[in-house]
Amino acid sequence: MSIEGHSSAPGANVIIEHYCEEPGCKEWGGFGNSPSKAIPVRWWCWEHFPHKTYEQEQALRRKLEALETGAPH
């Protein structure tokens, strides 16, 4: 894999780990949101991400219910 075309700016290749901001949750925070560039991004796992659509929320609910009952998903 070539690094040609990659930035050489200081800090450009720094990896920052984001974990869910929900208290007690230790999951990876792969879903971030910020209302503007002036406000730092907040990060959540998919289960706790507060900006899901109604349909996405219902699909997550069905998945969690299936896991609780042991039903195949």
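This is a predicted model: local features need pLDDT of at least 70, side-chain atom pairs count only at pLDDT 80 or more; totals for chains, interfaces and linings use all residues.
Residues are numbered from 1 along each chain as its sequence is written, and side-chain values use heavy atoms, with hydrogens and water left out.

Let me start with Cys 20, which lies in the segment before β1, where strands (E, at least two residues) and helices (H or I, at least four) are DSSP runs numbered from the N terminus. Cys 20 is buried, at a relative accessible area of 8%, and here buried means under 20%, exposed over 50%, and partly exposed in between, with a 1.4 Å probe and protein chains only. Leaving aside residues up to four places away in sequence, Cys 20 touches Cys 25, Glu 27, Trp 28, Gly 29, Trp 43, Trp 44, Cys 45 and His 48, contact being heavy atoms within 4.5 Å.

Cys 20 also belongs to the largest nonpolar core, whose 5 residues include Cys 25, Trp 44, Cys 45 and Phe 49 as well; such a core is a set of buried Ala, Val, Leu, Ile, Met, Phe, Trp, Tyr and Cys residues joined through side-chain atoms within 4.5 Å. Although Cys 20 and Phe 49 are 29 residues apart in sequence, their C-alpha atoms are 8.6 Å apart in space.

By contrast, what about Pro 10, buried or exposed? Pro 10, in the segment before β1, is exposed, with a relative accessible area of 82%, and its C-alpha atom is separated by 32 Å from that of Cys 25, 15 residues apart along the chain.

Val 41, in the loop between β1 (31-33) and β2 (42-44), is partly exposed at 39%, and beyond four places in sequence Val 41 touches Glu 21, Gly 32, Asn 33 and Ser 34. The C-alpha atoms of Val 41 and Phe 31 are 9.6 Å apart.

Gly 70, which follows α1, has a positive phi, near 80°.

Finally, among the residues lining the largest pocket are Cys 25, Trp 28, Cys 45, Trp 46, His 48, Leu 60 and Leu 64, where a pocket is an open set of points on a 1 Å grid over the protein atoms alone, at which a 1.4 Å probe fits, with protein on both sides within 12 Å along at least five of seven lines, and lining residues have an atom within 4 Å of a point.
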